[in-house]
Amino acid sequence: MFGYYIDLATRSLKRNRALTALMVLAIALGIGTSMTTLTVMHVLSGDPIPAKSAQLFRVRMNVFPDDTFTQGKETPDNMTRRDAEALLHDARADRQAAMSAGSMVVTPPQGEPLGVEARYTGADFFPMFGAPFRYGHAWSRDDDAAGARVAVISGALNEQLFGGGDSTGKTLRMGDQGLRVVGVLGDWDMNPRFYDLSNGQFGDSEQVFVPLSTALDLKLSTSGSTNCWNSAPDPHAASAPCLWLQYWAELDTPAKAAAYRRYLDNYIALQRQAGRFSHPGQVELQDVMQWLDAKGVVPSDVRLQVWLALGFLGICLLNTVGLLLAKFLRRSGELGVRRALGASRRAIFLQCLVEAGMVGLVGGAFGLALAGLGLVLVRHQPTDYATFIHMDLRMLLGTFALALLSSLLAGLLPAWRAMHVAPAAAIKSN
Amino acid sequence: MELRPILSTLRRHKITAWLLVLEIALTCAIVCNAVFMIGQRLERMDLPSGIAEHELVQIGLGHIGNSPDAIAQSQTDLAALRQIPGVQQVAVINQLPFSNGGSSNSGIRLSPEQQQDTLEASTYYGEGVLPTLGLHLLEGRDFRHDEYADFGTVIADLRNGDLKNLPSTIIVTRALAERLWPGKDALGQTLYVGKGLPFRVIGVVADLARPNNLNWGVGYSTVWPIRMTVADGSSYVIRTAPQDRDAVLKAAVAALKQLDPNRVVLVKRTYDEARHAFFANDRAMAGILVGVIVALLTVTVLGIVGLASFWVGQRRRTIGVRRALGATRGDILRYFQTENFLLASFGIVLGMALAYGINLFLMMHYELPRLPGIYFPVGALVLWAIGQLAVLGPALRAAAVPPVVATRAV
């Protein structure tokens with residue numbers, strides 16, 4: 001029976017090609033734009049580290065002195081070196097890392113000096129954020145303590161400086177300073193770069209990783225935001241009143257997370273007792289998705305585009321409903337004959353829906369092509385996330401589901417009206 | 001034109017008519033808001049920077065390892081850059097208007113007792129900012145040579161709490177002056193930075209936009225008599241004739257490389273490129289909105305054409321009867337045009353209400369201003385015109401139906 005409906009639908013669609021083309025075009029345009037914007041949204045709001053996003057926590061606290069503290073103001077993103085070092089020293093989490101973005105100029109064995117992006121952090125960083133090593137390994141916690149002259153470099157920089165291959169033991173030159181390469185990373189890109197959103201939310205990960213203690217010793221330049229509440233000659237000094245370090249803790253179970261939160265509350269209480277401030281202080285412990293949510297990583301333009309596209313799809317569907325309705329009712333004569341010959345209302349209803357569904361599927365296929373085109377356009381936009389936008393299987397299936405669903409929805413009302421055509425009147429009026 | 005027959009026909013096609021009205025309403029609402037947003041973006045892209053945009057090039061350098069004597073090197077660099085033919089002015093400046101990346105800002109207070117900052121002003125440092133950027137001095141004067149202090153010295157003095165040698169003069173923009181001292185002459189006024197560091201206003205410039213964070217007030221900028229070096233993260237800004245920019249940029253990079261090959265060029269661009277990059281997102285969004293408007297109007301027009309064609313086909317017999325009874329072609333044409341006009345009018349009324357609602361939503365979530373009233377009549381006229389044009393084809397086909405159709409069985 002279903003095959004017969006399909007056959008009928010094909011005949012009917014072929015009979016009025018211009019109109020069929022119009023309906024397919026409307027659905028394709030609506031689906032194409034919606035899927036383009038939804039794909040961008042889907043990629044941007046995705047989980048950058050699904051395996052661990054519930055175990056990694058951003059730690060933030062408000063330890064402003066009383067004259068800078070404003071009740072109800074948002075807890076600052078970064079921490080002072082004093083607090084970060086205190087938490088690192090206590091080491092109450094399963095793993096923990098304080099970090100800052102930086103920039104360096106390295107001298108390759110041959111060729112021009114090269115500006116690179118760096119991250120100054122601790123040994124725990126690599127296992128915490130699941131950074132895979134192609135060669136060598138991370139530096140040790142002893143290296144952190146000693147400020148050892150070591151570095152981990154990205155696969156891409158290894159290619160560029162040393163021509164690929166195992167470069168552990170080689171020296172990364174920066175003028176008269178040198179860092180011994182202990183590890184080369186494999187493919188590792190976090191998008192969005194959730195561990196530090198202040199330095200470009202999307203993009204390739206850093207090319208060089210250096211122990212924070214070493215970077216401080218060598219006075220390597222940092223980048224990202226540094227926010228001081230008092231004049232500070234050296235914002236990176238051990239007791240400088242400056243917020244510049246990101247702090248992350250890995251807590252494997254909810255119980256540990258709760259315990260860590262109590263520990264942080266306790267830490268703040270101790271600081272208050274020590275006389276640093278008299279306000280209650282604030283502590284924030286957020287896992288990766290909470291953190292991304294709080295920072296609003298999806299650009300507002302992208303949200304706006306999704307609304308626009310959905311509105312557009314709505315208009316395209318209204319259009320299709322109108323055209324289907326006109327089409328079915330114009331065929332009331334034919335429908336009347338079928339009813340008179342014994343077709344049930346249900347059969348007429350189903351047949352009309354099959355016709356609408358076919359329009360939807362063809363429209364979905366064209367819509368997919370349009371979405372592909374749209375994504376190419378998105379990738380050519382000057383945004384920092386442009387290169388990461390791609391369609392995955394879920395969105396591909398979603399496209400067809402949306403197309404079918406919306407066309408069936410569009411067909412519902414016309415099919416309902418068609419099935420209520422009174423056979424006698426329809427035949428007579430012909 | 002008699003409206004009653006049209007209305008009674010529409011009543012018989014209630015659902016289809018309502019669908020068309022809804023489609024026109026939604027289109028009207030979205031198009032009004034999209035056009036408005038395009039206007040907002042264009043306005044943003046058009047903001048004045050206050051500087052001689054087409055005459056500037058920028059070179060940023062990074063040094064390998066610890067830099068040598070930065071002040072001496074800056075002097076040597078500046079001397080070499082001034083030798084390049086075509087170079088009119090050179091300065092080491094910490095930032096430029098409308099550029100991405102970090103920016104230097106400072107909280108401003110009107111009295112030392114004030115607890116909270118009045119506003120965040122952007123802070124421009126560098127010797128010769130005014131002549132190099134081509135700022136228009138409205139009143140007062142530029143800094144004298146002896147007023148400048150080295151950035152490093154300022155930092156050291158702050159560290160030691162030695163405040164007597166710090167600079168004490170400042171130049172502000174007109175926008176900032178009007179915000180801080182409305183209706184008063186800004187010259188000679190004192191503003192305070194941090195915990196009571198006083199600065200006396202010695203000059204007011206017309207415009208100088210801030211690098212980013214435009215929502216803090218685009219024109220709230222200050223210029224300080226602080227001498228920078230490239231080691232402080234500042235860059236060389238060269239003023240030259242527009243046609244010489246490329247040649248000067250190339251020669252300048254070559255000269256700097258020759259002076260010290262141990263440096264990398266991090267930034268090398270004309271100011272026009274910098275500004276273009278800063279507004280790239282707005283340009284892209286405006287482009288997308290234009291695309292959406294075109295697609296929307298196309299779909300709506302096709303919808304009108306499709307439905308009208310159907311109705312014409314369905315009413316062929318009726319049209320034939322009317323023609324046989326003496327209706328002219330003009331009557332038939334007018335019938336369909338009027339029918340569309342009625343539907344469009346319903347759609348527009350509904351659409352305007354919807355447009356207003358969407359605008360309220362956007363105002364709440366996207367910091368958009370209120371939709372100006374002029375959009376309503378203009379939007380209505382445009383939609384009426386589009387509707388009339390769309391229905392013209394089917395209406396002409398209807399008018400061409402010969403009276404003889406009435407006598408034939410279909």
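Two residues are taken to be in contact if their C-beta atoms, placed from the backbone, lie within 7 Å. In this predicted model, local features need pLDDT of at least 70 and side-chain atom pairs count only at pLDDT 80 or more, whereas totals for chains, interfaces and linings use all residues. Residues are numbered from 1 along each chain as its sequence is written, and chains are lettered from A in the order in which they are written.

By the contact criterion, 36 residues of chain A meet 38 residues of chain B. On the chain B side, two or more residues each come from α2 (14–45), β1 (56–63), α5 (151–160), β13 (263–270) and α9 (280–314); helices (H or I, at least four residues) and strands (E, at least two) are DSSP runs, numbered from the N terminus. The most is given by α9(B), with 16 residues.

Within chain B, the axes of α2(B) and α12(B) (residues 375–399) come within 11 Å and cross at roughly 130 degrees. Axes are lines fitted to C-alpha atoms, for helices over the stretch in contact, and angles run from 0 to 180 degrees between N-to-C directions. The residues that meet are B:Ile24, B:Cys28, B:Val31, B:Cys32 and B:Phe36 in α2(B), and B:Tyr375, B:Gly379 and B:Leu383 in α12(B).

Chain B has twelve helices and 13 strands. Its C-alpha atoms fill a box of roughly 105 × 50 × 35 Å, taken along the principal axes. Among contacts in chain B with a separation of 6 or more, 83% join residues 24 or more positions apart.
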